[in-house]
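Colleague: Hello! Could you walk me through reading strands and chain contacts?

Modeller: Gladly, let's look together.

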Amino acid sequence: MKTFEWAIEDIITAHPDLYLEHCAVMAVVLMSQQSASPCEFVVEIDGVASPRPAVENKFLLRVSWNAHTLLNARRMMSTEQRKPIAERAAVALAALLFARLIPDGQMRVTQAGDRADYWLPHLQCALEVSGTENFREFARRHKEKIAQVLSNPLRWNGYVIICCFDKTQRLIRWSYHQQESK
Amino acid sequence: MRRSKVKPAQSMLDKMLGEASWLMSHAEALADYGRNEEAVAELARAAACEEQVASWLDVAERDQEAVLHRVSAAACYEKLGQYARAVTLLRAALSTPVAAEYRRKIEEQLSRCLTRASREMRRAPLPKTRGPIAVAV
């Protein structure tokens, strides 16, 4: 299986339209509890076309972090609730994948009621991201997010990225979904 | 020398869209850190920026995206407790045809803001419009 190793801090400069420092820190909160840097994830891809060679249906992603981010993560551990951490950590990993594998994959956000909606304006795609620490929730969450991304207000096609930070299963499922009729 | 093919107005709009996105994500981060006063100030900036972006998208005839950003601005104003302003934006958003499911969500948001706005109006003291005229002696 092909392996990539990238630094989580790369997302900060890769997405100038988003403030992502806190997402990077939250990702390190979860990853550092399970492994030293780098932390490994199996990434499963479905329908995502990357021009990068050797990206097949599955690859190994090793996410590294620096000492400064780790320090901030340790500070955050005592203050944050678990659910926002997993959600923001997933946004960080999604930002990393788009920055590294998809040209013009810059993300933007708008407010949609209580939650944030992510968009990839240059690709005219919507993006749904979610994170969980429980592998049993993984498949259900992916299904829910597919429905959600396809019901986006602009009726754009969409990507779904679900990240699982379970101690026994560190997995990312990244899929692309098209509207039935445009 | 190569010239950029991007029209100046288009690039300005793109810049504003980016700015609105950044403000929104920064407000979210500040709230995550529990820096609520700063988060509120940033959310107010994001709301104003989203509102402006929506107007520019109207000018660029990108109506559907304009609705999205108007609803986003309304969501910010709702969070800020500025319900009357949210109502105005949501009514404007509903004047553009959108998918039925999205329309239903906007209508729900509008109904919630209307309820809160009228509750707020009942509670608020009447603004003073007239007062004694100060005469300089």
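Colleague: Which residue stands opposite Val160(A)?

Modeller: Glu128(A) stands opposite Val160(A), a residue of E7(A). Strands (E, at least two residues) and helices (H or I, at least four) are DSSP runs, numbered from the N terminus. A word on the source: this is a predicted model, where local features need pLDDT of at least 70 and side-chain atom pairs count only at pLDDT 80 or more, while totals for chains, interfaces and linings use all residues. Residues are numbered from 1 along each chain as its sequence is written, with chains lettered from A in the order in which they are written.

Colleague: How many bridges join E6(A) to E7(A)?

Modeller: Two strands pair if DSSP finds at least two bridges between them. Here, E6 (residues 125–132) and E7 of chain A run parallel and are joined by 8 bridges. From E6(A), the chain passes through helix H5 (residues 138–150) of chain A to reach E7(A), a right-handed β-α-β crossover (clockwise from the first strand over the helix to the second, with the strands pointing away from the viewer).

Colleague: And which residue of E8(A) is the bridge partner of Val160(A)?

Modeller: That is Ser175(A). E8 (residues 170–177) of chain A pairs with E7(A) in the antiparallel sense over 8 bridges, and 4 residues lie between the two strands of this hairpin.

Colleague: Why is E7(A) largely enclosed by the rest of the structure?

Modeller: Because 8 of its 9 residues (157–165) are buried, each with 20 or more other C-beta atoms within 10 Å of its own, C-beta atoms being placed from the backbone.

Technical notes:
Buried ≥ 20, exposed ≤ 12 C-beta atoms within 10 Å, placed from the backbone.
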